[in-house]
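Please look over the sequence and the model below.

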Amino acid sequence: MIDDLLIETLAYGGAGIGRHQGKAIFVPYTAPGDRVRCRVVREKKRYVVGELVRLEVPSDRRRTPPCPVYGVCGGCQWQHMPYAEQARWKERIFSEALRRGCGTEGPFLPLAKTDGEWGYRSRVQFKCGQSAGAFVMGFYRRGSHSVVNIEHCPIAAAPINKALGLFRNWLPGAPRPDSISQVEMAVDDENGVRATVHCLEAAAEDLGAYLAPLAEEAGLSLFLQSGRKDSLMRVRGDDNLWIRPLAGSDLRLGYGPGGFAQVNLEQNRELVRSVRKAAGLTGRERVLDLFCGMGNFSVPLALDAEEVVGVEGYPPSIARARKNAAANGVSNANFLVMEAEGAVSALSRDRAFDLVVLDPPRTGAFGVTGELLSARPKNILYVSCDPPTLARDLAPLLRGGYELRWSRPFDLFPQTYHVESVTLLTRRP
């Protein structure tokens, strides 16, 4: 047990950090200025992971979390701090991660804050299970696979919370409720709601027959999934949800079940606006969009470029991107089913790209950096959801002839430590 530990700073991952006997002590759910008592959970040579036992003296940078299961559910890490404090630390942690990880001093632009810290999530995965013989639906308990039963999630969009209430009523009476592991819900910019129920294959047919009339009456699109994404089965409703990535524009992009869209639709518009402005296209450029998905960046950039090539390894996303381009009258975007690694080299042989845009998953795009250094596009725009992998991937590019023009964090995930970012690199002469 460690007594009277002063929390001095915050770490990427959300924990507060204090020091005791020369070691850093990481304690989740604490804030700078707290004095706490904590239990040692895991001890390493240079640091200790602790568990908060008692808040001895609370920091003046605290607030009462509004969620009744905060700290039990593993979803949010920073509800106990006011949003302004969260934003200040996100900005600081992001810049420190890049300084340490790739030795850059920036420039770092201010965090793009959100106007809505609650009710922003447009996609949520609700876990399902049995507890004492009763059906429960909510989120995994922190550090486990047992389900915390919830009635409302304060960071989920209102239509999702409404649908959560419906499924909480429906599923206990469904055939084989014990076969249901998860319900994924998503809402779009037009308030359409889609639910995908994950269940055992043996129960899918009966479950679909039971839920179909209920979903139809509620106006929900409904899908069942009994394994990998290729097991998706439509029960009723439209395949697509629709997002509007450009504010004040009629541009409309659809994405199907199993596809990807940012969870914060309003902040996604700010992200797309920033990428489009940073690209500075004049209508003469050739652009490569790696990890393009359904065209979130590709289609808006095609409005300003001579040609855009989008690359993605998931075939349904490419099929959707092609339809999105056609539906919006965009004829200068070409979408290819390819893995990102190898795409830069293969597609640069006949004509170089002026701009390469990357929006990889959390694991980053380190395997692409060597190809970028060989192809040497004039500009690179790296959209990242993970500062450590961003710093790792930027390091060889900065050593290999690129200059960091600026990097800016975007807050798409209030109440958590997560941060999105856009980084602009320009090839040095």
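Which residue stands opposite Val 48 in strand 6? Ile 25 does. This is a predicted model, in which local features need pLDDT of at least 70 and side-chain atom pairs count only at pLDDT 80 or more, while totals for chains, interfaces and linings use all residues. Residues are numbered from 1 along each chain as its sequence is written, and side-chain values use heavy atoms, with hydrogens and water left out.

Strand 4 (residues 23-27) and strand 6 (residues 47-57) run parallel and are joined by three bridges. Strands are DSSP runs of E with at least two residues, and helices are runs of H or I with at least four, numbered from the N terminus. The open sheet has six strands in the order 1-5-6-4-3-2, with mixed pairing; two strands pair if DSSP finds at least two bridges between them. Its edge strands, each pairing on one side only, are strand 1 (2-6) and strand 2 (9-10).

Tyr 29 lies in the loop between strand 4 and strand 5 (35-43). Its phi is near 65 degrees, a positive value in a residue other than glycine. Tyr 29 is buried, with a relative accessible area of 13% (buried means under 20%, exposed over 50%, partly exposed in between, with a 1.4 Å probe and protein chains only). Arg 176, not a glycine either, has a positive phi of about 50 degrees, and is partly exposed at 42% relative accessible area.

A cis peptide bond, with omega about 15 degrees, joins Gly 106 and Pro 107. Pro 107 is in the loop between helix 1 (83-102) and strand 7 (123-131).
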